[in-house]
Amino acid sequence: MAQGASLPVASVPVVPVRELVPWAVFAGVILLALLYLVGLDQGATSVFSGSMLHEFVHDGRHLLGFPCH
Amino acid sequence: MVRTLLVRGMIAGVVAAVLAFAFAWLFGEPALDGGIAYEGALAAAAGETGGEELVSRGVQSTVGLLVALLIYGIVVGGVLALVYAGVQGRLLRLAPRATAGVLALIGYVVVVLVPFLKYPSNPPASSADDTIGLRSGTFVFMLLLSVVAAVVAVAVGRRLVERFGTWNGVLAGAAVYVVLVGVVAALLPVVSETPADFPAVVLYNFRVATLGIHAVLWTAVGLLFGLFVTRGLRSSERPSAGAGVG
């Protein structure tokens with residue numbers, strides 16, 4: 001048990017690169033787009049016009065440390 | 001396989017975001033209100049009346065905050081799962097929950113703590129509105145370069161581990177990261193625009209709250225994702241020597 005953390009764990013399957021790459025690209029792009037929307041949009045740059053989104057996530061944006069306004 | 005990991009990561013992110021919301025509501029909102037009170041005092045002194053609110057403070061501080069944290073948590077959980085899928089068994093040969101914990105800790109340092117040290121969070125009314133472009137650009141740049149520095153440090157550290165052993169190699173890799181982000185932080189422009197009479201306690205509490213919210217969120221994501229991965233292995237794969245796993 002004590003040495004379990006440092007020994008190779010045979011039963012842990014390694015994800016093949018061929019399987020990982022499409023997921024990493026598509027999910028990665030979607031997730032980063034979400035991050036952009038909640039963290040930055042309608043601040044210095046805008047994909048959506050107006051400031052509804054900015055105002056709605058205002059507190060989260062400030063408290064998470066993103067530049068808000 | 002990747003799909004399962006991704007879903008588990010995002011579920012961990014949702015739960016972590018709810019915990020972070022509780023922390024943010026208790027410790028972050030009072031400080032944020034302090035900034036808004038300062039803003040209101042300035043406006044009153046200038047004889048301005050408050051403009052029409054698009055979203056009320058009541059919504060911003062509850063539903064808005066929760067939704068923002070949920071999305072952030074889902075992103076963190078999802079990306080953590082993808083990185084986990086990439087490094088587990090390759091770069092890191094630890095038990096699943098140990099890998100998840102190590103990745104969450106590194107993520108907190110690289111994505112939150114280091115960018116924060118250069119460009120800390122600011123409560124409302126503590127920064128100049130017309131510098132939002134500069135502040136957004138430099139913040140994103142600091143964040144991206146911190147991630148790049150971490151990737152370089154891992155690549156270098158990996159070779160050093162092979163040559164000088166785990167302890168020395170990991171320490172040297174960490175040193176590479178510290179030097180790289182140190183240089184980046186020294187070169188990026190300084191943003192110093194907090195009004196002279198902005199309440200120091202509000203600023204301090206607000207920034208500590210930011211670190212606290214992220215600490216809650218990233219800790220919960222790492223531990224929960226590790227738990228879900230370990231559980232999943234036990235129920236679906238059921239290795240014969242299950243006691244050693246996790």
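Begin by selecting residues 20-39 of chain A, which the UniProt annotation, from an unreviewed entry, calls a "transmembrane region"; such positions follow the numbering used here, feature names are shortened, and annotations may be inferred rather than shown by experiment. Keep in mind that this is a predicted model, where local features need pLDDT of at least 70, side-chain atom pairs count only at pLDDT 80 or more, and totals for chains, interfaces and linings use all residues. Residues are numbered from 1 along each chain as its sequence is written, while chains are lettered from A and ligands numbered from 1 in the order in which they are written.

Over residues 20-39 the chain is 100% helix and 0% strand, with the end C-alpha atoms 27 Å apart; helices (H or I, at least four residues) and strands (E, at least two) are DSSP runs, numbered from the N terminus.

Next, select A:Q42, in the loop between helix 1 (17-39) and helix 2 (52-56) of chain A. This residue is not a glycine, yet its phi is positive, near 60°. A:Q42 counts as buried because it has 21 C-beta neighbours inside 10 Å; the cut-offs are 20 or more other C-beta atoms within 10 Å for buried, 12 or fewer for exposed, and partly exposed in between, with C-beta atoms placed from the backbone.

Now show chain B, which has 6 helices and 0 strands, and whose C-alpha trace spans about 75 × 40 × 25 Å along its principal axes. Of its 246 residues, 40% count as buried.

Finally, select B:A125, in the loop between helix 3 (96-118) and helix 4 (132-164) of chain B, where phi is positive at about 75° although the residue is not a glycine.
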